[in-house]
Amino acid sequence: MDIHFPTVDNPSNSNGLNNNAVPTTKEELLELINKKDIVEGELRTLGAVLDSHKVNMNTSLTTFDGYPRDDIDVAQIRTTRARIIHLRNDHKALLSQIEKGLHALHSSLPPAPAPETLPQARPPSPLAAPDIPFAEIDMVALGSPAATAGLRLGDKVKRFGACHALNHDGLKKVAEVVGNNEGRGLKVVVERGAEEVEVTVTPARGWGGRGLLGCHLKPL
C-alpha cells in the first residue's frame, strides 16, 4: 500500500450517495445543499489537522531511506488524507446531483404570466441563479488586479460577472467575460470559509505579470 495515497472506498457508496439520484423537489435539493455544506465543513476541519502537522496531501511521510518519519504522527496523517480523498469525491458527486437538480427544477417552473395579466414584475426565482461555488482560486499573483481587488487563494467562486454554476461552460464563459471587460469592474462573489465576500475586480494589462487578472481558477 502506498503510504502517501491510501486506498478509499468508492465514493458512490459513502454517506448514502447515489450519483444517479436527481432531486425532484426543492426540499430534496436543499437537503443536498445542506449535505454539501457539511462535507465542506469537515474538509476544512481535516485541512486544519494537516496544517497542525505542517504537512499537506503530498508531503513525504518517509525518511530518505524509506522508513516512516518519527517527527510526525504518520498514522493520523494517513487516516486524515484518506478521509479528505473520500470527502472530495463525495463533494464532487453532491455538486453533480445539485446541478442536475437545479436544471430539472428550473425546467419544471411554470412560464411567467403574460405582461398584460401581471402589471408588476415577479421577483426572479432563486433557482435561476444558483448560489453554489463552481470554481476555486488556486493562484493569485502579488500586485495583480485579482490581488488588488481582494481575491485570495482558496476562495470558491459563486459568481463572476454574469457567470454562475449553470452557465460557465467549463470556465470558458469566465474567460470571455474577462476578455470583453478589460478596464471595467466586474462583480465577483466568493465563498471564503463560512463567509460570502463580494469584490470588484478590473481586468487590466500592464500590471507586471501575465493575463488580465493575475489569478488562476480551477473548476469544482
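User: Of the 220 residues of the protein chain, what percentage counts as buried?

Analyst: A residue is called buried under 20% relative accessible area, exposed over 50%, and partly exposed in between, with a 1.4 Å probe and protein chains only. In this protein chain of 220 residues, 35% count as buried. The model is predicted, so that local features need pLDDT of at least 70 and side-chain atom pairs count only at pLDDT 80 or more, while totals for chains, interfaces and linings use all residues. Residues are numbered from 1 along each chain as its sequence is written, and side-chain values use heavy atoms, with hydrogens and water left out.

User: How many helices and strands does the protein chain have?

Analyst: Helices (H or I, at least four residues) and strands (E, at least two) are DSSP runs, numbered from the N terminus. The protein chain has 4 helices and 5 strands. Read from the N terminus on, its elements follow the order α-α-β-α-β-α-β-β-β.

User: Which residues is valine 39 in contact with, leaving aside its neighbours within four places in sequence?

Analyst: Contact means heavy atoms within 4.5 Å. Valine 39 is found in helix 1, which covers residues 26–52, and with the sequence neighbours within four places set aside, valine 39 is in contact with Leu87, His91 and Leu94. Valine 39 counts as buried because its relative accessibility is 5%. The C-alpha atom of valine 39 is separated by 7.7 Å from that of aspartate 90, 51 residues apart along the chain. For the protein chain, 67% of the contacts with a separation of 6 or more come from residues 24 or more positions apart.

User: What is the order of the strands in the open sheet?

Analyst: Strands of a sheet pair through backbone hydrogen bonds, either parallel or antiparallel. Two strands pair if DSSP finds at least two bridges between them. This open sheet of 5 strands has the order 4-3-2-1-5, with antiparallel pairing. Strand 4 (195–201) and strand 5 (215–219) stand at the edges with a single partner strand each, so one side of each is left without a neighbour in the sheet. The twist from one strand to the next averages 40°.

User: How many bridges join strand 3 to strand 4?

Analyst: Strand 3 (residues 186–192) runs antiparallel to strand 4 and is joined to it by 7 bridges. Glutamate 191 has glutamate 196 of strand 4 as its bridge partner, and lysine 187 stands opposite threonine 200 in strand 4. The hairpin of strand 3 and strand 4 has 2 residues between the strands, and glycine 193 takes a positive phi near 65° there. Strand 3 also pairs with strand 2 in the antiparallel sense, over 4 bridges, and phenylalanine 160 stands opposite valine 188 in strand 3. Strand 3 is mostly covered, with 6 of its 7 residues buried. Further along the sheet, 2 bridges join strand 1 (residues 135–140) to strand 2, where alanine 135 has valine 157 as its bridge partner.

User: Where is lysine 54 placed, and is this residue buried or exposed?

Analyst: Lysine 54 lies in the loop between helix 1 and helix 2 (74–108), and lysine 54 is exposed, with a relative accessible area of 78%. The phi of lysine 54 is near 60°, a positive value in a residue other than glycine. Aspartate 169, not a glycine, has a positive phi of about 55°. Aspartate 169 is found in the loop between strand 2 (156–160) and helix 4 (172–179), and aspartate 169 is partly exposed at 46% relative accessible area.

Definitions and conventions:
Axes are lines fitted to C-alpha atoms, for helices over the stretch in contact, and angles run from 0 to 180 degrees between N-to-C directions.
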